[in-house]
Amino acid sequence: MKKIMFVGRSECGKTTLTQALRGGTIHYHKTQYVNHHSVVIDTPGEYAQTANLGRALALYSYEADVVGLLLSTIEPYSLYPPCVAACANRPVIGIVTQIDQENGDIERAHHWLEMAGANPIFHVSSYTGEGIWQILNYLKEPGDVLPWETEEEAMETISLIREVRYDALFTFIYSPRPGTPAASLPDTVSRAEKQVWFDKLLEEQNRISGELHRAYVGRRLRVLVDGESGDEQWPLSSRTHGGRLVHLRGDASLIGQYVDAEILDSNTWALFGAV
Ligand SMILES: Nc1nc2c(ncn2[C@@H]2O[C@H](COP(=O)(O)OP(=O)(O)OP(=O)(O)O)[C@@H](O)[C@H]2O)c(=O)[nH]1
Ligand SMILES: [Mg+2]
């Protein structure tokens, strides 16, 4: 990742954005001195607000690959003189922070950063997560792996289910839910590719469920008959105390009762038995 130095007035949200980028818990901590995190240099607002301390920012910028000028949507004026970005010998980007603020003015903050010469300009909220991935994407260097799922990680899920050997999984391919932070993440994987990973996952789970279910055949299990199955051959449906679905031969008068069922057959998703 490129290392970025955050500059901006006190309370604009530098420390909070550092926490959001690192995926940590958000908690208020007044910055007292320059902090080096793995890829962020977090400076105190006073350095940008005080002429003498401002020179220190120039020095610290040499330790960064990029300078980020932050300006929140609720700031009443801009701290940055026009074209100030030209003074830095690093690329200077702009970050409009706190875009979730009800009384904030995103356009105004964007315009002030534009006048300062920052480019590109990102809009973020460390509270909702909006805009965070765009900054991470910008800081990404060749070889960096961002937290969005890769094929390798999808295969790790398969190796996990192989190890745990769940009885069954309730699985589906993720679809975006509007309004959630995840909905604004980039979709780096095609639908066809997701389907391939998903099918591999199900194939493995079905094999495990099949094995586990076959081991029940010949056993007697106490089940609660909870309704009709709609299947002529196995007209009742019931559950073991562990929630396994057992289709049963028997009379509808058993509905609502516990019975001992002999397990006669199985498939990947259910057991079949008779009272
Ligand atoms: N609503 C909202 N509040 C935020 C956001 N980011 C930060 N804040 C709040 O703004 C206040 C200041 O945040 P900090 O991240 O500490 O600000 P800073 O720029 O590091 O300030 P100094 O350390 O004093 O330079 C805190 O009360 C945060 O909770 C945001 O995205 N949305
Ligand atoms: Mg701070």
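This report describes the domains, sheets, helix packing, ligand shell and backbone geometry of a predicted model.

## Basis and domains

The model is predicted, so that local features need pLDDT of at least 70 and side-chain atom pairs count only at pLDDT 80 or more, while totals for chains, interfaces and linings use all residues. Residues are numbered from 1 along each chain as its sequence is written, and chains are lettered from A and ligands numbered from 1 in the order in which they are written.

The chain is divided into domain 1 (4-139), domain 2 (151-213) and domain 3 (216-274), with bounds that come from an automatic or database domain assignment. Taken over C-alpha atoms, the centres of domain 1 and domain 3 are separated by 62 Å.

## The open sheet

Helices (H or I, at least four residues) and strands (E, at least two) are DSSP runs, numbered from the N terminus, and two strands pair if DSSP finds at least two bridges between them. On this basis six strands form an open sheet with mixed pairing, in the order β2-β3-β1-β4-β5-β6. Because β2 (35-36) and β6 (121-123) stand at the edges, each with a single partner strand, one side of each is left without a neighbour in the sheet.

The strands β2 and β3 (residues 40-42) run antiparallel and are joined by two bridges, and the bridge partner of N35 in β3 is D42. Helix α1 lies across β1 (4-7), β3, β4 (66-72) and β5 (92-97), running at about 155° to β3; contact here requires C-beta atoms, placed from the backbone, to lie within 7 Å, and axes are lines fitted to C-alpha atoms, for helices over the stretch in contact, with angles from 0 to 180 degrees between N-to-C directions.

## The ligand shell

Ligand 1 is surrounded by 20 residues, of which the closest are G13, T15, T16, T31 and G45; a residue is near a molecule if its C-beta atom, placed from the backbone, lies within 6 Å of it. Helix α1 (residues 14-21) gives the most to this shell, with three residues.

By class, the shell around ligand 1 divides into four nonpolar, twelve polar and four charged residues. In this scheme Ala, Val, Leu, Ile, Met, Phe, Trp, Tyr, Cys and Pro count as nonpolar, Asp, Glu, Lys and Arg as charged, and the others, Gly among them, as polar.

## Packing of α6 and α7

Two packed helices are described by the angle between their axes and the distance between the axes. For helix α6 (residues 151-164) and helix α7 (residues 191-214), the axes come within 10 Å and cross at roughly 5°, which makes α6 roughly parallel to α7. Angles under 35 degrees count as roughly parallel, over 145 as roughly antiparallel, 65 to 115 as roughly perpendicular and the rest as oblique.

In this contact E151, A154, T157, I158, I161 and R162 of α6 meet W197, K200, L201, E204, Q205 and I208 of α7. The residues of the contact of α6 with α7 divide into six nonpolar, two polar and four charged.

## The closed barrel

Five strands make a closed barrel that runs β7-β8-β9-β11-β10 with mixed pairing, and its neighbouring strands are turned by 50° against each other on average, direction ignored. Strand β7 (residues 220-228) pairs in the antiparallel sense over five bridges with strand β10 (residues 258-266), where L224 stands opposite Y258. Five bridges also link β7 and strand β8 (residues 236-240) in the antiparallel sense, with E228 opposite L236 in β8.

The strands β8 and β9 pair in the antiparallel sense over four bridges and form a hairpin with four residues between them, in whose turn G243 has a positive phi of about 90°. Strand β9 (residues 245-249) and strand β11 (residues 271-274) run parallel and are joined by four bridges; the bridge partner of R249 in β11 is A274. A hairpin through four residues joins β10 to β11, and these strands run antiparallel with four bridges between them, I263 standing opposite G273 in β11.

## Backbone geometry

Most residues other than glycine have a negative phi, and most peptide bonds are trans. C83, which is not a glycine, has a positive phi of about 65° and is placed in the loop between β4 and β5.

The peptide bond from N119 to P120 is cis, with omega near 0°, and P120 is found in the loop between α4 (106-116) and β6.

Definitions and conventions: Contact = placed C-beta atoms within 7 Å.
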